[in-house]
Structures are given as structure tokens and as C-alpha cells.
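Let's take a walk through a protein model together. Keep the structure in view and turn it around as you read.

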Amino acid sequence: MGEEEEVIEIFDERFPIKAKPTSRKKRIITRLQVLKVWRKQGKHGSSNNLIESVDKKLENDKEKEPERPKSLYFVIDPSKNSYYRWIGIITVTVLYNAIVLPMRSAFPEFHQLSVPTWLAIDYTIDFIYLIDIFLGTRTGFLDQGLLVKDTKRLRQAYFKKKEFTLDVCTILPSDVLYFVPQLTHTATWLRFNRLIKIYRVFEFVDRTETRTTLPNVFRLTTLTLYILILIHFNACIYFAFSRYSGLGANSFVYPPRVSEDANNTAIDIGDQWSKLSTKYVYSFYWSTLILTTIGETPRPVTDFEYIFITIDFLVGVLIFATVVGNVGAMITNMNAARTEFQNRMDNVKRSVVSELGRNCKMEI
């Protein structure tokens, strides 16, 4: 058997036809592996002839193998701008759901403004979330410093992540209950599972902090946005609670009363308090007072109202503590560079004093 035939035989034994590499990186690895096997078996011959034989074999196999359409086998690099823009789109949809869904659930008049528009936006967002699940199976990750591009391996890794479970829970078609006569499309609270996608918002915020030139300003803006959304959400809960208890049923629920004394006397809300804008503005004001714990609010009347206001106060304390902690951390970070510089200058002064002796202390 000639030299080339022996090389090809070794190559075929180590790389079956279905597993023959075609990429440039694998070609180089294959050359080294074939040469290593050749030398281990005590063969002799020109290395150039060996490499040429391997190259010919690879070229022949490449011609035989049908080319796969690249569009179906793309892999997303998480470090690229395209991935960052995509999670930015997901963030916008989550913020939309966090703002609009509570409004539509608590204020029926708001939902009735344009039902077809709301439904069209809802199902467009659902379609975007389905695309996000597909892209999750094509998002690469690093393994020993190299980006994994094997689609089968990426798919298996994604299915094992908790993000896959969250994505599936997010896209569950809970709004099929719209067909229940007692609910209909006004029960938009059925779509609250879409808010599970909020983990994408946190990912977007983390990536933006590393990209922006003003991280402290961005953190402050993000914190303010979180607080406003929480106040908005709580305002919608308060008005929904008032609707459940009955508008004007007592002094605690909407609308407000002049007297601060708790009483169980029902009143008519009247034209002054029947506007959608007035309902929302007062609810937002009430929620701000509760969550910031800075003002007097109507006293509860029923036991259920006492439980409701107690939970709200506890949430408000947590929010206040979070705000104070985050603002303090931001101020500390802003002064960190100046503090470090001052410490270095103090160390330099101490070093100079110790070197020059006591005679120079007064001059320094």
C-alpha cells in the first residue's frame, strides 16, 4: 500500500464520512491528528505529501456534502449589538404590559376606548414572545472561551435553563378565558402572566449600565421608573378594590370625602368624580401617599380594608428603604474616585514626611 493510501485509510478510520470536518479550523486540527496517528504507527514519509492527501480528501468530501442553508442555522452572539437591540424591544413590550394591563383591568372605560387596538397590540406582543423563544434556542454561549454554534447543543442548553420555563409560562394562552361569558375581553388581568418576562428588563438594564457613559444617572433614572410603575400598579389596585367594594360605599374607597372621619355611609360619586382622568389622578395620588408614607389617607372601615392598607404600608416601607439604599450607594460611587485620590495624596504626604524628617514637617 502506498503512502497516500495509508494516510487516507487512517483518515477514514478516525473520521467517518458523516463526521468529516469542512471548516478551516477543523481542517487544521485534522491535519495534526492524522500526522500524530501516522507517527505513532511508525510510518514514514513526507509531511507535505500527508497534508496534501488530507486536503484532497477533505475537498472531495466537501463537494459531496450538500450545503445547508445558512439562514436556517444562524447563531446569535450575545455580545453583539443585534442581541442588545432585541432585548431592548422585549423591554418595551414588558413596560407596555406593566403600564397598560393594570389600567385596562382597573378602569373599564380605558379598555373600552379602543378594544380592537388593544387586542391587536396584545397578540403582536405574543408573537414577539414566540420569536424570542425561538431565538433563545439559537443564542450562543461561551465554552472554554469559544462561542458554541452547534444548534442542537444550544437548543438542549436553552431547554435546561430556568428562562425557558419562564418563557413558556409567559406565553401560556390564559386569555382564552375571554370566551367565558362572565369574563369576556374586559378581564385583561388574565394576561398578567406576560409580566413574567420582566427578567429581560433586568438583563437589558445590566447591559445598558456597562454601555452608558453616565451609569449613575442611568441607575437613578431606572430607579425612578421602577418607583413610578409600582405607584401606578398600586393605584390601579386601589381603584379596582374600590370598584369591588362599591364606589362611594364608605369613606375609604373612591371618591374622596371632605371629612376625614371613617364612616360607612354610601354616597353618589357625582359628575365631578366620574371622569376617567379624575379617577386615575386621585388613585395615583392616593397610591403615592401610601407607598411613600408621607401623608394622611382615609381611614379604613371594614376588616378587609384594614388588611389591604396594612399590606400597602409594608410595601411602602420596603420601597422607601430601597430608595434610600440605592441613592446612598449611588452617592458613594460618585464620590469614590475623589475619595481614592484623596487617600493617595494623604499617603504621599505621610511618605514625604517620614523621609524628610521632623525638620520638614512645619514646611509641609
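**A guided tour**

Isoleucine 307 lies in helix α12; helices here are DSSP runs of H or I with at least four residues, strands are runs of E with at least two, and both are numbered from the N terminus. Before we go on, a word on what you're looking at: this is a predicted model, where local features need pLDDT of at least 70 and side-chain atom pairs count only at pLDDT 80 or more, while totals for chains, interfaces and linings use all residues. Residues are numbered from 1 along each chain as its sequence is written, and side-chain values use heavy atoms, with hydrogens and water left out.

Back to isoleucine 307. Together with Tyr244, Phe304, Ile311 and Val315, Ile307 makes a nonpolar surface patch of about 540 Å². A patch like this joins nonpolar side chains (Val, Leu, Ile, Met, Phe, Trp, Tyr) within 5 Å, using residues with over 30% relative accessible area and no salt bridge; for charged patches, like charges are joined within 9 Å. Areas come from the Shrake-Rupley method with a 1.4 Å probe, and for residues only the protein chains shown count as cover. Helix α12 gives the most to the patch, with 4 residues.

Now zoom out. The chain has 13 helices and 2 strands. Of its 364 residues, 34% count as buried, meaning under 20% relative accessible area, whereas exposed means over 50% and partly exposed is in between (1.4 Å probe, protein chains only).

The largest one has 40 residues, and Phe107, Tyr129, Tyr238, Phe252 and Trp286 touch the most other members. At least two residues each come from α4 (81–106), α6 (115–136), α9 (198–211), α10 (215–245), α11 (276–292) and α12 (303–334). Helix α4 gives the most, with 10 residues.

Pick out tyrosine 238 and look around it. Leaving aside neighbours within four places in sequence, tyrosine 238 is in contact (heavy atoms within 4.5 Å) with Phe252, Val253, Tyr254, Tyr282, Ser283, Trp286 and Phe308. You'll find proline 255 in the loop between α10 and α11.

An unreviewed UniProt entry lists residues 83–101, 217–241 and 306–329 under "transmembrane region"; its positions are given in the numbering used here, feature names are shortened, and annotations may be inferred rather than shown by experiment. In the model, residues 83–101 are 100% helix and 0% strand, with end C-alpha atoms 27 Å apart. Residues 217–241 are also 100% helix and 0% strand, and there the end C-alpha atoms are 36 Å apart.

Next, the charges. Side chains of opposite charge can pair when their charged atoms come close. The whole structure holds 14 salt bridges, each being a side-chain nitrogen of Lys or Arg within 4 Å of a carboxyl oxygen of Asp or Glu. In one of them, aspartate 122 meets arginine 104 (3.0 Å, N to O). Aspartate 122 sits in helix α6 and arginine 104 in helix α4, so this pair ties together parts that are 18 residues apart in sequence. Both partners are buried.

Glutamate 203 and arginine 207 form another salt bridge, with the closest N and O atoms 3.5 Å apart. These two are separated by about one helical turn, because they are 4 residues apart in helix α9. Elsewhere, salt bridges that share partners join Arg104, Asp122, Asp126, Asp175, Arg191 and Arg194 into one network.

Finally, look at arginine 153 in helix α7 (residues 151–160). Not counting residues up to four places away in sequence, arginine 153 touches Phe141, Asp143 and Val148. With aspartate 143, arginine 153 forms a salt bridge whose closest N and O atoms are 2.5 Å apart. That pair links helix α7 to strand β1, with the two residues 10 apart in the chain. Arginine 153 counts as partly exposed because its relative accessibility is 38%. Is glutamine 144 buried or exposed? At 80% relative accessibility, glutamine 144 counts as exposed. This residue is in the loop between β1 (142–143) and β2 (146–147), and has a positive phi of about 55° although it is not a glycine.

Technical notes. Core = buried A, V, L, I, M, F, W, Y, C linked by side-chain atoms within 4.5 Å.
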